[in-house]
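Work through the exercises below with the model open in your viewer. Try each task before reading its solution.

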Amino acid sequence: MKKISLGLFIGALLAVSGAYAEEAKIGTVDMQKALQSVDAGKKAKSQLETEFNKKKQELQKEEASIKKMHEDFQKQSLVMTDQARTKKEAEIRERFMKFQEVTARSQQEIQKKEQELTEPIIGKLRGVIQDLAKKKGYSVVLEKNENTVLFSQDKDDLTQEVVDTFNKANKG
């Protein structure tokens, strides 16, 4: 749906009278690149990586513990009673299920934290883009990624200028 509406928009824009079509100035910004390039984005990424690595270490430790528990069980299972074997299997299964729940919850927490950290930056980037587009006379500025903009002139890519303007306005 997004591609169709974008295509229709561009088609309508270009189909406008010849005089206007020549005056239309379309720019692009790679928002992902801008987000990763601005100082605030780098700081957010670093903070996320620190939290992610901490959770990853905790999860790896628990995974290794469960694996060892399972290996020990396999070694001892031949000499265990059926009742003891069943009880130990249930214990391992329960611990593994809890591990999976903790893993899923950790992923959700990281995604939520990423959203909390990046939303304000994206909002500010949009403001910078809007101001820059008005100042430079762009009629339209499109998100540049591999799914929407297949080609654009380098001179119409505002990404680096957006990053520089953002960093100047948000020092400290």
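Predicted model: local features only at pLDDT ≥ 70, side-chain atom pairs only at ≥ 80, totals over all residues.

**Exercise 1. Layout of the chain**

Task: State how many helices and strands the chain has, and give their order.

Solution. 
- Step 1. Count the elements. The chain holds six helices and two strands.
- Step 2. The order is α-α-β-α-α-α-β-α.
- Step 3. Check burial. Of the 172 residues, 24% count as buried.
- Step 4. Check the surface. The accessible area of the chain is about 12,600 Å², and carbon and sulfur atoms account for 52% of that.
- Step 5. Look at contact range. Take contacts between residues at least 6 apart in sequence: 79% of these join residues at least 24 apart.

**Exercise 2. The geometry of H5**

Task: Compare the span of H5 with the expected value, and find where H5 bends.

Solution. 
- Step 1. Take the length. H5 has 55 residues.
- Step 2. Get the expected span. At 1.5 Å a residue, 81 Å is expected.
- Step 3. Compare. From first C-alpha to last, H5 reaches 78 Å, close to that expected value.
- Step 4. Inspect the end. Gly137 comes after H5, and its phi is positive, near 80 degrees.

**Exercise 3. The largest nonpolar core**

Task: Identify which elements supply the largest nonpolar core, then trace the contacts of Leu125.

Solution. 
- Step 1. Size the core. It has 19 residues.
- Step 2. Val29, Val38, Ile121, Leu125, Leu158, Val162 and Phe166 touch the most other members.
- Step 3. Assign elements. Helices H3 (31–37), H4 (39–76), H5 (82–136) and H6 (159–169) each give two or more residues. H5 gives the most, with seven.
- Step 4. Trace Leu125. Leaving out residues up to four places away in sequence, Leu125 touches Met31, Ala34, Leu35, Val38, Val162 and Phe166.
- Step 5. Widen the view to the burial of H5. Its buried residues include Ile92, Phe99, Ile110, Ile121, Leu125 and Leu132. Ser106 and Thr118 are also on that list.
- Step 6. Name the cover. Strand S1 (26–29), H3, H4, strand S2 (140–143) and H6 are among what covers the buried residues of H5.

**Exercise 4. Salt bridges**

Solution. 
- Step 1. Get the total. The whole structure has nine salt bridges.
- Step 2. Take Lys55 and Glu109. Their closest N and O atoms are 2.7 Å apart.
- Step 3. Take Lys88 and Glu91. This bridge spans 3.7 Å, N to O.
- Step 4. Take Glu94 and Lys98. The N to O distance is 3.5 Å.
- Step 5. Recall the helix rule. With 3.6 residues a turn, residues three or four places apart point the same way.
- Step 6. Lys55 is at 22%, so it is partly exposed. Glu109, at 38%, is partly exposed too. Lys88 has 22% and Glu91 has 36%. Glu94 is at 48%, and Lys98 is at 48%.

Methods:
Residues numbered from 1 in each chain as written. Heavy atoms only, no water. Core = buried A, V, L, I, M, F, W, Y, C linked by side-chain atoms within 4.5 Å. Buried < 20%, exposed > 50% of the residue type's maximum accessible area, 1.4 Å probe, protein only. Helix = DSSP H or I, 4+ residues; strand = E, 2+ residues; numbered from the N terminus. Contact = heavy atoms within 4.5 Å. Areas by Shrake-Rupley, 256 points an atom, 1.4 Å probe, with all protein chains shown as cover. Expected span 1.5 Å × (residues − 1). Bend = angle between axes of the 7 residues up to and from the residue. Salt bridge = Lys/Arg side-chain N within 4 Å of Asp/Glu carboxyl O.
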